[in-house]
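The sequence and model come first, and the commentary follows.

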Amino acid sequence: MVGRRSQRWSAEDPDAPGAQGWPEPVCPLCERPIPHRARSSLHHLTPKLKGGTHRGTVRLHQICHSAIHARYSEAEIAKRLADLEALRTDPEIARFLAWVRGRPDDFHAATRMTRARRSARRKV
């Protein structure tokens with residue numbers, strides 16, 4: 001295991017999901033299994049900076065988690081996207097989800113911040 005928030009399980013790890021016949025966890029956003037070899041991380045449904053320190057978290061594929069934070073600010077996540085159903089129905093993430101569902105369960109690629117977020121960050 002690598003860290004508390006971001007995990008990559010080794011094949012020999014007896015506590016790894018699926019190692020002892022335990023079912024692999026499922027990413028609640030893209031609804032694909034998270035195999036033991038895939039990168040994953042915890043996502044705070046309400047960002048910690050916006051009061052979500054002791055509220056719910058979910059384990060997501062790292063690519064799904066990165067896609068959320070590349071597209072939306074912490075404030076926007078806290079205001080209107082603090083639940084999985086709201087995230088799934090948002091048009092930007094819905095396009096991403098349609099694309100990523102066609103990829104293997106352990107697929108990962110670097111995620112760039114959207115052009116609109118990059119230009120907004122420069123203005124600040």
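Aspartate 106 counts as partly exposed, at 32% relative accessibility, where partly exposed covers the range between buried (under 20% relative accessible area) and exposed (over 50%), with a 1.4 Å probe and protein chains only. Its side chain meets that of arginine 37 in a salt bridge with an N to O distance of 2.9 Å, a salt bridge being a side-chain nitrogen of Lys or Arg within 4 Å of a carboxyl oxygen of Asp or Glu. The pair links distant parts of the chain, since aspartate 106 lies in the loop between α4 and α5 (115–123) and arginine 37 in the loop between β1 and β2, 69 residues apart. Arginine 37 is itself partly exposed, with a relative accessible area of 47%.

## Basis of the model

The model is predicted, so that local features need pLDDT of at least 70 and side-chain atom pairs count only at pLDDT 80 or more, while totals for chains, interfaces and linings use all residues. Residues are numbered from 1 along each chain as its sequence is written, and side-chain values use heavy atoms, with hydrogens and water left out.

## Overall architecture

The chain has 5 helices and 3 strands, which run β-β-β-α-α-α-α-α from the N terminus on; helices (H or I, at least four residues) and strands (E, at least two) are DSSP runs, numbered from the N terminus. Of its 124 residues, 33% count as buried. Among contacts (heavy atoms within 4.5 Å) between residues at least 6 apart in sequence, 57% join residues at least 24 apart.

Leaving aside neighbours within four places in sequence, cysteine 27 is in contact with Arg32, Ile34, Arg59, Leu60, His61 and Cys64.

In helix α4 (residues 91–100), the buried residues are Ile93, Phe96, Leu97 and Val100. They lie on the same side of α4 because they cover an arc of only 100° around the axis, the arc being that of the directions from the helix axis to the C-beta atoms. These buried residues pack against α1 (62–71) and α3 (84–89), whereas the face turned away from them carries the exposed residues Pro91, Arg95 and Ala98.

## A buried threonine in a loop

Threonine 46, found in the loop between β2 (40–44) and β3 (57–61), is buried, with a relative accessible area of 9%. Apart from its neighbours within four places in sequence, threonine 46 is in contact with Gly51, Gly52, Arg55, Ala78 and Ala82.

## Other salt bridges

A search of the whole structure finds 6 salt bridges. One of them joins the side chains of glutamate 31 and arginine 88 (3.8 Å, N to O), linking the loop between β1 (6–7) and β2 to helix α3 across 57 residues. Glu31, Glu85, Arg88 and Arg101 are linked in a network of salt bridges.

The side chains of glutamate 76 and arginine 80 also meet in a salt bridge (2.8 Å, N to O); being 4 residues apart in helix α2 (residues 74–80), they are separated by about one helical turn. Glutamate 76 is partly exposed, with a relative accessible area of 27%, and arginine 80 is likewise partly exposed, at 42% relative accessibility.
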